[in-house]
Amino acid sequence: MFVLSEEKFQVIIIGAGVAGSAAAYTLAKAGREVLVVDKGRAPGAKNMTGGRLYTYALKELMPEEWAEAPLEREVTREIMMMMTPADSVAVDSTFGSVNQQSYTVLRARLDAWLAEKAEEAGAMMVPGSTVDGLIIRDGKVAGIKTGDEELEADLVISAEGANATVAERAGLIRPVELKDVAIGVKHVIKLSEEIINERFNTVSGKGAAVMCVGECSKGVSGGAFLYTNKDSISLGLVVDSQSWKNSRLPLADIAEELKRHPALARYIEGGDLVEYSAHLIPEGGFKSLPQLYADGFLLAGDAAGFVVNRGFTVRGMDYAMLSGIAAAETANEAIEAGVYSRSILKSYESRLQQRVLKDLALFRNSHDYITRTRHVYKTYPRLAADLMRNIYNVDGSPAKLVSGLVKKTISGRVPYFDVLKDMFKGGRSL
């Protein structure tokens with residue numbers, strides 16, 4: 001526990017994740033008095049992700065220093081895979097140059113580096129401390145409570161993650177609903193850089209992102225991911241919380257079984273498990289967004305639900321970083337004016353409009369499509385595998401045109417209208 005007596009900060013930030021550190025860095029660069037409180041023993045210690053960072057956001061945060069960040073591999077190979085219990089069908093795309101669009105990352109390393117940069121800029125970082133509540137006076141947030149200490153601030157930014165208990169207990173946001181979150185389970189498997197290069201047909205510094213649907217989630221709404229790091233592989237599973245609860249399936253066992261599927265086992269064979277983690281992921285999207293500001297208070301990152309899952313891409317870290325920047329810019333405006341009421345903090349939402357909210361609005365139906373389209377997780381992966389098997393099968397029987405093989409594969413298994421309807425809805429939602 002730390003002790004700071006009779007001191008008031010201009011801004012206190014709850015959480016030293018991507019959003020919190022981005023806000024702290026931006027504010028400290030502007031010469032503001034900033035305190036960041038994080039309950040992890042060190043920044044990044046409690047954070048997990050698949051994970052992949054789209055670097056345009058990092059470049060906006062620190063144009064000169066972004067390349068120094070502990071990034072793992074540039075993603076130059078994208079694989080979308082449909083899985084049955086024994087088979088898989090994949091679309092494998094390799095790009096010679098993607099202009100440093102995205103990199104795989106390990107959050108423990110990335111978050112620690114971002115926090116260090118914020119400290120170097122002048123922010124005060126206090127890890128290993130839990131914020132128990134907010135100080136609220138005359139309807140305005142005026143600081144935080146941690147243990148026996150009360151620390152005052154002109155403005156508090158909550159970047160506490162998907163389970164934003166501090167903001168929730170204060171009545172500033174509604175409790176998290178099961179339908180609006182997913183559960184992610186991740187294994188980090190140690191392999192040599194040379195073996196990863198060989199298995200993914202790549203070179204050092206370049207890597208792959210694999211997104212899977214079908215058998216990996218046992219028919220539950222969700223999917224699997226695999227990302228190549230420098231000398232490890234992040235392999236995991238994300239499932240919709242409501243669907244998982246209704247299925248009564250043991251998530252840890254399913255995640256363990258994922259490692260043995262023939263489509264993925266060959267990539268991690270001989271590796272050593274060095275990390276296992278699980279976490280909530282906000283996936284309610286635009287329809288579940290909370291109020292983003294109140295008197296003396298702003299909400300950023302996962303705490304605000306800034307995540308978009310389109311199935312073939314999942315974005316959250318870039319939005320978190322952009323929201324941290326926007327929160328800092330709004331705080332700067334408030335400090336300059338000496339006013340911290342909703343009337344001035346509402347500009348936060350305007351700043352987010354082009355950076356984050358426009359995307360969330362565009363994909364407002366993606367979550368419903370992914371969770372409610374019943375054929376996606378069982379029927380279509382099996383149809384895809386059977387169709388490809390029929391196309392490549394040569395057994396001496398009369399050959400058929402591809403159109404005939406498609407009809408043979410689909411007939412009696414799923415109505416054609418359902419296929420067309422799902423394609424149409426997918427096109428409009430994703």
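Visitor: Which residue lies over the face of Trp 66?
Guide: This is a predicted model. A charge counts as sitting over a ring when NZ of Lys or CZ of Arg is within 6 Å of the ring centre. Here the distance from the ring centre of Trp 66 is 4.7 Å, and the residue is Lys 59.

Visitor: Over which ring does the charged end of Arg 266 sit?
Guide: The charged end is 4.5 Å from the ring centre. The ring belongs to Tyr 267.

Visitor: How many aromatic pairs does a search of the whole structure find?
Guide: Rings pair if their centres lie within 6.5 Å. Phe 200 and Tyr 267 have ring centres 4.4 Å apart. For the whole structure the search gives two aromatic pairs.

Visitor: Are the planes of Phe 200 and Tyr 267 stacked or edge-to-face?
Guide: Planes under 30 degrees apart count as stacked, and over 60 as edge-to-face. The planes of Phe 200 and Tyr 267 are at 15°, so the pair is stacked.

Visitor: How far apart in sequence are the parts that Phe 200 and Tyr 267 tie together?
Guide: Phe 200 lies in the loop between helix H5 (193–199) and strand E12 (206–214). Tyr 267 lies in helix H8 (residues 262–268). The pair therefore ties together parts that are 67 residues apart in sequence.

Visitor: Are Phe 200 and Tyr 267 buried or exposed?
Guide: Buried means under 20% relative accessible area. Phe 200 has 2%, and Tyr 267 has 5%. So Phe 200 is buried, and Tyr 267 is buried.

Visitor: Where is Arg 107?
Guide: Arg 107 touches Gly 17, Val 18 and Met 317, among others. Its place is in helix H3 (residues 107–121).

Visitor: Which residue meets Arg 107 in a salt bridge?
Guide: Side chains of opposite charge can pair when their charged atoms come close. The N to O distance is 2.8 Å, and the partner is Asp 111.

Visitor: Is Arg 107 buried or exposed?
Guide: The limit for buried is under 20% relative accessible area. Arg 107 has 12%, so this residue is buried. Asp 111 and Arg 107 are both buried.

Visitor: How many salt bridges does the count come to?
Guide: A salt bridge needs a side-chain nitrogen of Lys or Arg within 4 Å of a carboxyl oxygen of Asp or Glu. Lys 117 and Glu 68 qualify, with their closest N and O atoms 3.4 Å apart. By this rule the count is 29 salt bridges.

Visitor: How far apart in sequence are the parts tied together by Lys 117 and Glu 68?
Guide: Lys 117 lies in helix H3, and Glu 68 in the loop between H2 and strand E4 (74–83). Lys 117 is buried at 11% relative accessible area, whereas Glu 68 is exposed at 51%. The parts they tie together are 49 residues apart in sequence.

Visitor: What distance separates the closest N and O atoms of Glu 60 and Arg 355?
Guide: Glu 60 lies in helix H2 (residues 56–61) and Arg 355 in helix H11 (residues 347–362), so the pair ties together parts 295 residues apart in sequence. Glu 60 is partly exposed, at 36% relative accessibility. The closest N and O atoms are 2.8 Å apart.

Visitor: Which residues touch the most other members of the largest nonpolar core?
Guide: In soluble globular proteins, nonpolar side chains tend to be buried together. The largest core here has 83 residues. Its largest share, twelve residues, comes from helix H9 (residues 317–337). The residues that touch the most other members are Ile 13, Leu 58 and Phe 306.

Visitor: How many residues make up the second, separate core?
Guide: This core includes Ile 183, Cys 216, Leu 235 and Leu 237. Its count is 28 residues.

Visitor: What is the phi of Asp 138 near?
Guide: Most residues other than glycine have a negative phi. Asp 138 has a positive value. Asp 138 is in the loop between strand E8 (133–137) and strand E9 (140–146), and is exposed at 84% relative accessibility. Its phi is near 55°.

How values were computed
Residues are numbered from 1 along each chain as its sequence is written. This is a predicted model: local features need pLDDT of at least 70, side-chain atom pairs count only at pLDDT 80 or more; totals for chains, interfaces and linings use all residues. Side-chain values use heavy atoms; hydrogens and water are left out. Helices (H or I, at least four residues) and strands (E, at least two) are DSSP runs, numbered from the N terminus. Buried means under 20% relative accessible area, exposed over 50%, partly exposed in between (1.4 Å probe, protein chains only). Contact means heavy atoms within 4.5 Å. A nonpolar core is a set of buried Ala, Val, Leu, Ile, Met, Phe, Trp, Tyr and Cys residues joined through side-chain atoms within 4.5 Å. Rings of Phe, Tyr and Trp (its six-membered ring) pair if their centres lie within 6.5 Å; planes under 30 degrees apart count as stacked, over 60 as edge-to-face and the rest as tilted. A charge sits over a ring if NZ of Lys or CZ of Arg is within 6 Å of the ring centre and within 35 degrees of the ring normal. Lists of a residue's contacts leave out its neighbours within four places in sequence.
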